[in-house]
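Please keep the model open while you read.

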Amino acid sequence: MASGTEIVAPSCEEESTETPSGQKREERLRKFRELHFKRNEARKLNHQEVVEEDKRLKLPSNWEAKKARLEYELMVDQRKKECAERGEDYARVKLLDVSAEDAERWERKKKKKNPDPGFSGYAEAQLRQYQRLTRQIKPDMENYERQREECGEDFHPTSNSLIHGTHVPSKESINRMVEDVEKQIEKRSKYSRRRAYNDDADIDYINERNAKFNKKAERFYGKYTAEIKQNLERGTAV
């Protein structure tokens, strides 16, 4: 006969978890789930990076610089509006944020920078020449005082002054001008692109344009046509 109390047998899962082998299995499954989750997360992040990189490659090469400049311009406009609302000068407010070290560094950078960007116009070239010449001038205070005494009130001329043609330059000034002109001529001779004309060279052209074309052809194909030219000159060409 069966007794009133029933004995419930432990299930396989409880046995598997309670035994050492079951615990190891659960630990491996947990690690496997973690690895699986990390793999999916890495795959998702890689896909996002690939999409972002593809977007960056499709953008212009200077997009980052343009973006930074636009953000800076927006920030400047915002600060200008704030200064205008407060009744302040933006230029003065901007200088308050510049330290003395930064100002000195920018000043040194400006001095080191080459101010000659190349030929852009005759007016700019004349201005650069004028600035170069004025930087070379060393003030002569003795000569200044002497001319001031000689000219008197006409030293600072007005519309009624008649001093045109009365100034006579000194020999030192004339020599300095001659040296400067000679330096300019020497500099132009070094940077001149026009080739010297050779009177003994064979004339195989009809104009200057054809001469340039013949020189290019000789430079690229001269070594291949040298034998043909020699045969033509000797009269033995077939």
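1. A residue is called buried when its relative accessible area is under 20%, and exposed when it is over 50%; anything in between is partly exposed. Asn214 has a relative accessibility of 19%, so it counts as buried. Asn214 belongs to helix α9. Beyond its neighbours within four places in sequence, Asn214 touches Asp204 and Tyr205.

2. The model is predicted. Its chain has nine helices and zero strands. In sequence order the pattern reads α-α-α-α-α-α-α-α-α. Of the 238 residues, 6% are buried. Among contacts with a separation of 6 or more, 15% join residues 24 or more positions apart. The chain exposes about 23800 Å², and carbon and sulfur atoms supply 54% of that area.

3. Now the charges. How many salt bridges are there? The count is eight. One of them joins Glu34 to Arg30, with the closest N and O atoms 2.7 Å apart. Both residues sit in helix α2 (residues 20–58), four residues apart, or about one turn of the helix. Glu34 is partly exposed, because its relative accessibility is 39%. Arg30 is partly exposed too, at 34%. A network of salt bridges links Glu27, Arg30 and Glu34.

4. Arg79 and Asp97 also form a salt bridge, at 2.8 Å from N to O. This pair links distant parts of the chain, 18 residues apart: Arg79 is in helix α3 (residues 63–86), while Asp97 is in the loop between α4 (90–96) and α5 (100–112). Arg79 is partly exposed at 25% relative accessible area. Asp97 has 52%, so it counts as exposed.

5. Next, Asp180 and Arg132. Their side chains meet in a salt bridge of 3.3 Å, N to O. Asp180 in helix α8 and Arg132 in helix α6 (residues 122–136) are 48 residues apart, and the pair links distant parts of the chain. Is Asp180 buried or exposed? Asp180 is buried, because its relative accessibility is 13%. Arg132 is partly exposed at 27%.

6. Val178 is partly exposed, with a relative accessible area of 37%. Together with Ile174, Met177, Val181 and Ile185, Val178 makes a nonpolar surface patch of about 420 Å².

7. Back to helix α9, which spans residues 208–234 and holds Lys216. Which residues gather in a patch of positive charge on the surface? They are Lys212, Lys215, Lys216 and Arg219. Lys216 is partly exposed, with a relative accessible area of 48%.

How values were computed:
Residues numbered from 1 in each chain as written. Predicted model: local features only at pLDDT ≥ 70, side-chain atom pairs only at ≥ 80, totals over all residues. Heavy atoms only, no water. Patch = residues over 30% accessible without salt bridge, like charges linked within 9 Å, V, L, I, M, F, W, Y side chains within 5 Å. Areas by Shrake-Rupley, 256 points an atom, 1.4 Å probe, with all protein chains shown as cover. Salt bridge = Lys/Arg side-chain N within 4 Å of Asp/Glu carboxyl O. Lys, Arg positive; Asp, Glu negative; His and termini not counted. Charge placed at Lys NZ, Arg CZ, Asp CG, Glu CD. Helix = DSSP H or I, 4+ residues; strand = E, 2+ residues; numbered from the N terminus. Buried < 20%, exposed > 50% of the residue type's maximum accessible area, 1.4 Å probe, protein only. Contact = heavy atoms within 4.5 Å.
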